[in-house]
Every structure is written in structure tokens, then in C-alpha cells.
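I opened this notebook to look up how two chains meet. The entries follow the order in which I checked things.

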Amino acid sequence: MSAVSQTPLKKIIISLVFVVLGCLLILQFINRPVIENPPVTGDLQAPQEVKAILKRACYDCHSNESNIRWYDKIAPAYWKVAEDVKKGREGLNFSVWSAMAKPEQAAKLWEAVNQIQAGAMPIKSYQIVHPGTKVSATDLLILRNYLSGTVTSKLADTSKTNALDIQYDKWAKGAEAPKTNLPVALNGIEFIPDYKNWQVVTTSDRFDNNSLRVVFGNDIAIKAIKKNHINPWPNGAIFAKVAWDRLKDANGNVKTGAFKQVEYMIKNDKKYASTAGWGFARFKTPKMLPYGKTRLFATECVNCHRPMKNNDFVFTMPVKH
Amino acid sequence: MKAIYILFPVLVLLAAACREQPDEKQLINKEASLPEDFNFSKLGLKVLSSSVNEKQNTMSTIYGNDLALNTAKAGTPVQAGEVLAMITWKQKKDEHWFGAKIPGNLQTVEMIRTSPDAQKSAKVDYQRYEGKKLTLKQDTTGNDKNIRYIFEQHPSVMP
């Protein structure tokens, strides 16, 4: 290349670099979010080797001990870091662990390990910039073994069998869920009494939280399964998942105990665009009490279902009947 | 500045673009599915109950028509016109959720149909289909025990 053509090009490149650097510099001062580390009020209690993995891989976004490196503080990357820390703490914060009830703690830990196993956490872009935070296969095994050790497959105790007897008696005598004046979740979704007349999509035996489950599908869902049109699921498809206590006798026979809840996912990619295209709702006990403290309760559902985003946020692998 | 900051947005975009969409057929639980020509779903049965046998490592679901559900719920003797089915699978790990077991290989489908009988409240007809292809079992030993088991199960509470 001749010297004549190189000079203007060089000039252009140099001035461009300066413009970019100048912009970057200005970016550092506008809209700068603050990441604070509030006090740790009740840190996660777990064996040392378990905690070490979580501290290394997760605490930057899921605790009040975020270690923001100097290179994380450069905007625009810093904006994403701040957003991740804010959202990360909202969904899971190991520094306020003791504020949760024991079953909630257990559920969160199973969720955490499942997010790692599915490759959803730690967030990919963060892992690339912070290679030391990768959770290795050995780490994952340590976490899984720890969780497996926390579940004991206990025999049904009298409190659980009594709970079933009381419910069963009422139900067998004709007590039903409300059919008019349907309970409504805070996001506007109504209880659907017809779930029990739908076809089965799958069953599931949850040893993490001692429950048995049946997933039902409405006609649109069942037709979609028949035709293998399940990714994405068609609008109008509805799942209903019922959970019962898991009652085990001395011979290892497990039956369903008291009815705990029914949960719905209603597909409508426009109406429910803000919650991954699905309307989520959960109704608890035979009274079908709507679950959730605020209208945004479904964020919790979406976040746990997110590792399934390539499967339209659905865990279930349908069994054709 | 580290080159990573220029690379970073590019990598994020790439990672987003590379999400692979699994084939829909792979999302079906094939080993647990019933052969299409068995036409089970055409019977239109409802779920009565679900159970697990930890020793056998199996899980079962019992289905029935409205009459079967009503007599089971009321605890009244068997009537003519009931249809019940029990499907049993080997359990397998749920690859999507560490903490769950789901149906694996299909093992048996047991069918019960009742009809009017001059002596008893109803005549009970029982068939047992075995294996992935659901071949009808000819040997009838153990049938009485199996029939009793299915009739004895309480339905799961579904208000």
C-alpha cells in the first residue's frame, strides 16, 4: 500500500479511536448505578466445600458480598453488572438466607443446583469475563451429593395421614372446589375447575420436596403432543400440575396424600409476553387459595423455568397415551 | 484496555444467536409412551390415582371412567359398566430436574371392564398387556390379586 493512501486512513482510524474513547469516558459519568453491599444478616449455612463453590461462583450477584472488580466497573459493561446484581439478589440472596423458612431454603438450594446443572448459572457472559467462577463437573457432583444427603425418604407420619383422612372424607362426601366466584390470582388468572377431567401429560415423583405430581393437559395441549408440535406450544395450550404429599409405607409403597396445590401454565405469546408467553398461577389447598403476594409473583415461576427456555419454558417431557 | 471488552458484546450476541432449538420429537418421552395403535386415549379415561413402588423402582397411574371414579370415591361395591386401567412404568431420572423421577420404560397396561352378572354385582374382565409393544399376556395366574389391588386403591384427592 502506498504512503499516500495510508496517511488519511490512519488519521481516520486514530480520530475514530479517540471518539470511541471519548464516548466511553463520558459513559463512565452518566447514569452510573451504585452497587452497595448491605450487611449480611443471616448467611447460608452449609458444609465448607459446598459453600466455597457457591461463594466463588454465585456470591457476586447473589449475596451482599459482591466483589466488583475494577474491570467490571467500566461502563457500559458496568450497567449490566449492576443490573445482574440487583436482579440476582432479588431472586436469591445467600446473605439473608436465615430469613427464609427451612422448606423454602431447601427449595432454593435445589433450584440453585438445577440452574447450574442446566448451564443457566452463573450467567454465561459473566463466566467469560471471570473464568475462575466456572462450576466444574466435580463441583457439581459435590453439590448434588450434598443435596441427596439432605433428603431422607421417611415413612408417612401420622400428621400427614391425618391430613389426608380429613381431606378425603370431605371430598368423598362431595366437597368440591369453587365452581362459581372462582378464585383469582393477582395477575388476573382464574382457577380452572375442569383440570381433573383433562388427559395426563406425565407424572412425577419429587424426592426433593416429598411430593407426587400429575401434569394434565387441555385438549389443545394433548393435540399438540399427538402432532409433535410442542416447541413452541400452540396458543391456548394449558397445563395443570397437581401436587400431593408423598406417603410411603414400610413396604416402600408410595401413595398420594393430602392435596397441596394445582398450578397452571396458559400459553398465549401476546397476552403473557412479559412472563415468557405463559400465564402462571398457583392455587393452594382444597380451598384453592391464590398464591403470590404481589402481581409480579410469576417472576419466581419464570426464573425457575428459565433453564428450559429452549423448550418453551416447559420441563415436562410428554408421555403419549 | 483488555481486548475482552471489545469481544464481550460480540460474544454475548454470538451466545444468544447459538441457542439450539431441540427437535420436537426429542422432547417426547418415547420410552414411556404407549403404542399409538393401542388407542388408550380414545377411551377418554380420567386419572384416579398415582403411586410409586420404591422396591420395584416403578410408578403407576390408575385411570377410570366416571362410574369407576364414583364407586371408588363412595367406597361402594363394583358395578357393571366400570372401566379401569393401570399403567406401570420403570422409573427414570428426570434429565430436566435433579430431584425428580419420571416414567421410563413402559412395563404393563392392565385393563378392567365390568359387565352385568346374574349372581354377583358385576362380572369382572381383566387383561394384562406387557412390554414396550403391549402384548397380551395369556397366563392368568395372579390376575385375581392384580384385580383386587386396582379396586382397593383410593382415588387421589382432586377437588
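How much area do chain A and chain B bury between them? I looked up buried area, meaning the accessible area (1.4 Å probe) that two parts lose on being put together, summed over both. Chain A and chain B bury about 6100 Å², with 61% of it on carbon and sulfur atoms. On the chain A side, Trp171(A), Met317(A) and His321(A) lose the most area to chain B, together 14% of what that side buries.

I note that this is a predicted model, where local features need pLDDT of at least 70 and side-chain atom pairs count only at pLDDT 80 or more, while totals for chains, interfaces and linings use all residues. Residues are numbered from 1 along each chain as its sequence is written, chains are lettered from A in the order in which they are written, and side-chain values use heavy atoms, without hydrogens and water.

Next I checked contacts (heavy atoms within 4.5 Å). I found 68 residues of chain A in contact with 56 residues of chain B.

Then I turned to salt bridges (a side-chain nitrogen of Lys or Arg within 4 Å of a carboxyl oxygen of Asp or Glu). The two chains have two salt bridges between them. I looked up Glu54(B), which forms a salt bridge with Arg246(A), the closest N and O atoms being 2.9 Å apart.

Last, I looked at strands (DSSP runs of at least two residues, numbered from the N terminus). Strand E4 (residues 253-267) of chain A runs antiparallel to strand E1 (residues 46-53) of chain B, and three bridges join them. Asn253(A) stands opposite Asn53(B) in E1(B).

Technical notes:
Two strands pair if DSSP finds at least two bridges between them. Helices (H or I, at least four residues) and strands (E, at least two) are DSSP runs, numbered from the N terminus.
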